[in-house]
Structures are given as C-alpha cells and as structure tokens.
Amino acid sequence: MFPDVYAHITNAIGATPVINDPFTHIFVRDVFPHDFYQEMLAKLPEPAKYQALADVGHVSDDYNRSRLIFSGQPQHLGLLQPELAEFWDKLFGTLQNTQFINFIHQKFGDAINGRFANPETALEGEHLIGAESFLIRDNAGYDLGPHTDSPAKIVSSLFYLAADEDHAHLGTSFYTPNQEGFTCPGGPYYPFNQFKRTRTAPYLPNTFLAFVKTNGAFHGVENVGNPKDRRDILFFDLKAVPAAVAESWVTP
C-alpha cells in the first residue's frame, strides 16, 4: 500500500461535494499527489502488454477491440519488469483494500442505500461489497453507446491518466434518453441518436470521475476518432459480490 498516496486520494475525494444531476456523481481534480502522478504516467505498461478487453471474458466477443485492458492479475503483472510489477501491484492493492472500499461506499452512501432500498433495484440473495481495479487504454476507433452498468456494479470510478489538457473532449459523457421516463437495468448499448448528451467529464490530467449505478445513469464515450488520440484510465469498480464467492473478491 502507498499510505501517503492513499491519504491524498481520500482527502481530495472527501473534500469534493457529490453532484446529483443528472445522476449521482463526483469529479475531482488533482486526485493523486503531483509527483506520484508523473511517476504513474512514466510507468504505464507498454502497449504490447495490454490485451483486448473482448478476449478476457468481461464483455461479449463482438465488443470494440480498440479497448485494451491491463489487470492486476498475475498473468499481466508477470509481463512487466519486477520494479514495474511491484509498483502496479502496490497501487492496485491500495485501491482494493477494505479501507478504500468502505470510504467510497460511505461517500455515496445516500444514493447507494436508496438504490438497494428500492425493491425494483435491490439484488436478490446475500451480497458483500467487493472491488476490482485495472488499467484501460482506449485507442482510435473506440466508442461506447449510452448505457447503464451491470446491476452488480455499485460505483464506477475512473482515474483519468491524461498526459496533458489537449484532449478534454475524450472524457466520459452523460446522457438523457429522448423517450421520457426510459430506464434500463443494465446491459445493452444504445444508439447515440436516441439520447441527448448533457455533459462530458473532461479528460484532464490527474482527475477522478465516479458515479453510482442506477437504471437511469446513462453514460458512454463519443468516438475516439483521431489516430493520435487515446484514453488511459485506471478503473476502480465497486461491486456487489455474492456472499458465496466473496472470499475471492474482498481484499483484507
């Protein structure tokens, strides 16, 4: 764990108010210490170390192959030089420790409790809170139509790893459906023309975007069209984990 980094992250997030329009979210600047952030950028894995997300079982086989993943799992960390593997393993561990899981849960407590108090959005059976973190790289040609996340997700969090401020338009966008009252429990990606884009969380250096999964939390990514453009993101997902498999998810 990186204790000083953890303290900086939680102080930055804790000092930033939650926004409830168009759905519950937060956007934080300078979420990592400046020098540590520069170290993160310098230690990003080489492109060849990533794998197409469509090949790792998280999504369907026809998912856009311009999105690549580097996880904290041994099969990925083992591809790195020992110093880099140790750095990323330590950072993934910092985010996935029980302390941070509880901190994020509490930050969005009102919205999360409201969701699970609703019989239409509550999950069946006993669940515990778990988390996973991984690096994502979105290359030219990537886009993601408006959608709501899987019912198992509780909070989706993105640490933007932009190198400069020249690509703010590449941020994740929020959408409202043209059909009033339309919601989705999660799964399908919808055509952009069925929605109105209400805002884009700018893809800026050292920023953090997090939002609570609801049936109306439509979000997506406009096309990354310029061959020179890419999005590097450190994802942190808070999930409802069935109690039967919780031991393999929750990090002590």
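Predicted model: local features only at pLDDT ≥ 70, side-chain atom pairs only at ≥ 80, totals over all residues.
Helix axes are lines fitted to C-alpha atoms, over the stretch in contact, and angles between them run from 0 to 180 degrees between N-to-C directions.

Start with helix H2, residues 34–42, and helix H4, residues 82–96. Their axes come within 11 Å and cross at roughly 125°. The crossing of H2 past H4 is left-handed.

Which residues make the contact? H2 supplies Phe-36, Glu-39 and Met-40. H4 supplies Phe-87, Trp-88 and Leu-91. Sorted by class, the contact of H2 with H4 has five nonpolar residues, one charged residue and no polar ones.

Now turn to the strands. Strand S6 covers residues 153–161. Is S6 buried or exposed? Buried here means under 20% relative accessible area. Nine of the nine residues of S6 are buried, so the strand is largely enclosed by the rest of the structure.

Next come the pairings of S6. One partner is strand S11, residues 231–242. S6 and S11 run antiparallel and share seven bridges. Look at Tyr-160 to find one of these positions: its bridge partner in S11 is Ile-233.

Another partner is strand S9, residues 205–212. This pairing with S6 is antiparallel and has seven bridges. Here Ser-156 stands opposite Phe-211 in S9. S6 thus pairs with S11 and with S9, and its nine residues are buried.

Notes: Residues numbered from 1 in each chain as written. Heavy atoms only, no water. Helix = DSSP H or I, 4+ residues; strand = E, 2+ residues; numbered from the N terminus. Left-handed = near helix turned anticlockwise from the far one by under 90°. Contact = heavy atoms within 4.5 Å. Nonpolar A, V, L, I, M, F, W, Y, C, P; charged D, E, K, R; others polar. Buried < 20%, exposed > 50% of the residue type's maximum accessible area, 1.4 Å probe, protein only. Pairing = 2+ DSSP bridges.
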